[in-house]
Amino acid sequence: MSLLEIEAINSFYGDSHILFDVSLHVEQNEVVALLGRNGAGKTTTLRTIMGVIAPGSGTIRLDGKPIQGRPPYEIARMGMQLVPEERAIFGALTVEENLRLAALTAPSAWPLARIYEAFPRLAERRRSGGRSLSGGEQQMLAIARALIRDARIILLDEPFEGLAPLIVRDLVRVSRELAAQGRTIVVVEQNVVAALSFADRVYVLNNGHVVFEGTPDDLHRDPAVMKAHLGV
Amino acid sequence: MPSLPLLLSQAFNGLALGSMLALVSSGLTIILGTLGVLNFAHGALFMLGAYAAYVTLQGSDSFLLALLVGSVFMLLVGVLMERILVRLFYSRPPEDQILVTFGAGIVLVEAVRAIFGGNSQRVPVPSWGEGITQLGFLIYPTYRLELIGIITVTLGVLWVVLYRTSIGLVVRAGIEDAGMVGILGINVRRAFLLVFAIGVVAAGFAGMLYAPIVSVTPDMGGSFLVESFVVIVIGGLGSFPGAVLGGLIAGEIISITSAFDSAYSEVMLYAVMALLLVVRPQGLFGTEGRV
Amino acid sequence: MRRLALLPELALIVALAIMPFVFPYVGGSYDLMERVLDWGLLGLGFDLLFGWTGLLSFGQAAFFGTGGFVAAWLLVNHVIGSVWIALFLGTVAAGLFGLLVGYLAVRRIGIYFAMITLAFGQMAYFLENSPLSAYTGGENGLPGVPVPTIGFGDSAYVIATGLPMYWLLAAFFLAGFIVARRIAHSPFGVVLRAIKENTARAAMIGHAVPQYKLAAFVIAALYAGLAGGLLGVIQSYMPPDAFALDTSAQLVVQTVIGGVGTLIGSTVGAAIWLWLRDNLQMIPQVGALWKLILGVIFVVLVTVLRRGICGEIRYRATRGTRAAAEAAAQADGATRPATELRDVRAMPMPLTAPLIHAAPGLPALRAIDLAKHYGGIRAVDGVSFEVPQNSIHAVIGPNGAGKSTLFKMLLDEVHPTAGEVRLFGQRITGMGATRTAQLGIAKSNQLNQLFMELTVRENLRIAALARRRGSFRVDILRGADSIAEVERQIEAAMTTVELNERAETPVHVLAYGEKRRLEIGIALATGPNVLLLDEPLAGMSPTERISTRALIREIGRSRTLLIVEHDMDAIFDLAERITVLYDGRWLAEGTPEEIQRNQAVQDAYLGGLHEHEPA
């Protein structure tokens, strides 16, 4: 039984049909990358899994239990956490307050010290207001919020977007460590190269349909797919 | 030009009025900031608190007991109001939210009028507040000084709750992005209930404290409603520090202007609001773009 | 030109005529009826402001009182002898006050607007009470307001209290109703409704929204001023509570109970309120509770029966036609792929107002060094390109490339931090989206921005009226559909996007693909020279994409198109030239073939230009 099982999901934005019968599965300890061009439905998939969007039809199972239609706070308490594309850092709160808020309803929350050990940059900025953080620091804080909850499944939505190459390198390292710790990760990215560097399996979405499933090697061996659905 | 003692005494009156406005407006602003609802019933809730104190004092002599019972009563009112009515309107347009809270305000005022009649009731000044106090060359009613003290403490407690507790953390984050708070595993709707209840208790508590120095009638909340709107416009919508500072400023504007010419005291407040809207519409602490 | 159906006016005349003979039997007096009509007059203006424009004002008492006290003061102090002239001056004074308050209030929306009007209402009340009490009589008001006379000298007819006074109010109310109805059904009224339904879109189409809001506010103030003056005449006395918050509040309650957006609603609400007050008070137990009962009814109505009494009646009366439209939409199925080739020559194209004389070689649109910085973030940095007339140009790039920001700057929906945009050689940067729309550049949005409660035809009319009338015109006396050119443009746009069979269908009933087509249709109906399409194929099924691509190709035959899309098949099929953005900067430009062969572009999409295998 897969850890996360998504079957024939149809998701809408208003009455705009975004996902058409999308099916995926994610195994324990895997890193699964969701690739595709902008507008393909990748973010919608993650938001549907997290319960932010209720799907029109289809089922989502976590540990075999159906979670579609449940509110996000329930799904978060079952061990899943979304790191959204826009990061959604609370600007009016300090770094430390952002972390403490995230830890509130987590039964096995990490102690702050452990988070600061993993992210020394955040330790330096612990009293800074959220809105004074740089893009890279915000992304780190967003990931740290998922980590402090000891989330078993982390959904990363475009974690590398808009960040300088050096920071992307840092974040890839962090993501690899998360994976090595045995967490399950679903990462959505437009930056194919970065995503493939630490993914175990890959799905490609185009216009709301799944058009490819396989390993990164399978994808590299099929340049037609790369060009048709990812490139230009 | 009014005399110095008059100005000073009016300045203190301004503090009393201002701190009361600060408390009422704090409740209004956190409800607005977190829930997005402009509570047009806020003046009626202020009035309800005053009557709660009046009723308790019919059966007991202790003003402190009246404050306690009144606060519990207001908490119940807040919970009921949110659960039965306000909750239904979170996803409706702001005009609908304004109309329903406005209607609730009318119902509260008329219900009180039906039960107690329209005559002004008297709530006596508590025994520990009687008399006057000497402050240098200024003689000032004791209760008003104590009023300022009690409200300062209350606002301090409110500040501690907002900035030093977990629930305060949830409220401040919820004001910014309620959706993300939900994703982080927190049931925001339950937090909404608490925020609304706190706001209602704040308004009612202010009413209880003010009852001894003003005439208690069903319509007493009307002018405070409008004034608290002006305060949160001055302070910035959704900002607790803005409501406190704005309340004090408003209280002083009204009181000091009345030392010069009492006819213009209220008008001056609205003139300041109009000026602010032109020059800095987001107020003292508000965020631009939320206007 | 359809004549405005006169049924409501005739019905009103009949109702007003028989009222004095019926009302006394149901507990009404002349005084009651006059007050109801006075509140109704006040409510006509309020409904145009709230029901039509969507602006909830809690301060109408300020103008009601101003009109009343100015008129009363002039008469009581014998400055003016004629009641008619005094009423006129009072109304004008109220209008001027409305202009002042409105100017401050209409720049804000929703919550702020309600608070500002509330505050100014209170301010006026306090001004009346104290500082100006020498003029207004303070708490006592102004007694001794005379009744009007018709004619001159000794043979003048005095309009005494009782039946003659009733006819006076009835006449004023009827006139007010006729004018209000004409305003509501004029092109001006159409724009007001557009503002209520979707303010941002109305502005982007080319209507000067702040000016329309201010005009509506002043109109409401004028109605209020006249009603205030008449109140003084009815009572022979001008009461201070005309300015009170209770007056503004009562108006809101009456209008909501009677039905917002029905014009006659507030009159019905006033009748209920005043009748209950006058008659319930007689009953011993219930007496004092009449206002409580009304309050509860009000809350229930707002929660459950949002339309109010007259609104509910109207809703049920038109249920038949609505059900038919919805059934028709359902029966045809969700999507009707237009796979048959259409005869291009037979299709009438929306008119392009030739406001711009373009020399042949002049580019239709030119971006020069456009940049947008948000704090430290450079969303767009130094982007330049040209779009030749009548060509189809595409802008592509990975997410975060700055495409939507670029589009917004092309219309001047967002002002650039640096650089400029030239439309047919004219610099349009800094003008704002409303003015650029008037100059002939329009955009269809990635997320539908439609006027949901209105029909397809009404949606297109809002767009077609924009350039034809200019950004602001108070044409309140002509019919909304009375401009032949505009109606032709609507038909042409409807035919182009194939929504003729849905012309009278409310938009919220349409299928998603049809809404998408309407989104393009609205932009098209403004008759633009340059049309920007932001992800026109977003969320479409494969069959819908085929027909929409055909549509885009056809539109491209007669005007300049600029498209942002992620559907690469569509881009390479449609575009003549493609500009590629990456990370806010210009990366490459060329024909579709050139772009496909460009290695830098491939790299940008796949992994970022600076990335090789990360360590």
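A residue is taken as buried if 20 or more other C-beta atoms lie within 10 Å of its own. The views below are drawn from a predicted model.

**Figure 1. Helix H6 of chain A and its surroundings.** Helix H6 of chain A spans residues 135-148. Its 14 residues reach 20 Å from the first C-alpha to the last, close to the 20 Å expected at 1.5 Å a residue. Of these 14 residues, 12 are buried, so H6(A) is largely enclosed by the rest of the structure. The buried set comprises Glu137(A), Gln138(A), Gln139(A), Met140(A), Leu141(A), Ala142(A), Ile143(A), Ala144(A), Arg145(A), Ala146(A), Leu147(A) and Ile148(A). The cover over these residues includes two strands of chain A, S6 (80-83) and S7 (153-157). Helices H3 (95-103), H4 (112-118), H5 (120-124) and H7 (165-180) of chain A are also among the covering elements. After H6(A) comes Asp150(A), which has a positive phi, near 55°.

**Figure 2. The open four-stranded sheet of chain A.** Four strands of chain A form an open sheet in the order S2-S1-S4-S5, and their pairing is antiparallel. The edge positions are held by strand S2 (16-26) and strand S5 (65-66) of chain A; each has a single partner strand, so one side of each is left without a neighbour in the sheet.

**Figure 3. The contact between chain C and chain B.** Chain C contributes 30 residues to this contact and chain B contributes 31 residues. On the side of chain C that touches chain B, the elements giving two or more residues are helix H5 (110-129), helix H11 (245-258) and helix H13 (290-303) of chain C. H5(C) gives the most to this side, with 13 residues. Sorted by class, the side of chain C that touches chain B holds 23 nonpolar, five polar and two charged residues.

**Figure 4. The two domains of chain C and the contact between them.** Chain C is divided into domain 1, residues 7-243, and domain 2, residues 365-606. The C-alpha centres of these two domains of chain C lie 43 Å apart. Their contact takes 25 residues from domain 1 and 28 residues from domain 2. On the side of domain 1 of chain C that touches domain 2, at least two residues each are supplied by helix H7 (163-184), helix H8 (187-197), helix H9 (199-205) and helix H10 (209-235) of chain C. H8(C) gives the most to this side, with eight residues. The class composition of the side of domain 1 that touches domain 2 is 14 nonpolar, seven polar and four charged residues.

**Figure 5. The fold of chain B.** Chain B has 10 helices and two strands. Read from the N terminus, its elements follow the order α-α-α-α-β-β-α-α-α-α-α-α. The C-alpha atoms of chain B fill a box of roughly 60 × 50 × 35 Å along the principal axes. The radius of gyration of chain B is 19 Å, which agrees with the value near 19 Å for a compact globule with 291 residues. Of the 291 residues of chain B, 54% count as buried. Among the contacts in chain B with a separation of 6 or more, 76% are accounted for by residues 24 or more positions apart.

Terms used. Residues numbered from 1 in each chain as written. Chains lettered and ligands numbered in written order. Predicted model: local features only at pLDDT ≥ 70, side-chain atom pairs only at ≥ 80, totals over all residues. Expected span 1.5 Å × (residues − 1). Contact = placed C-beta atoms within 7 Å. Nonpolar A, V, L, I, M, F, W, Y, C, P; charged D, E, K, R; others polar. Pairing = 2+ DSSP bridges. Domains from an automatic or database assignment. Rg over C-alpha atoms; globule rule 2.2 N^0.38 Å.
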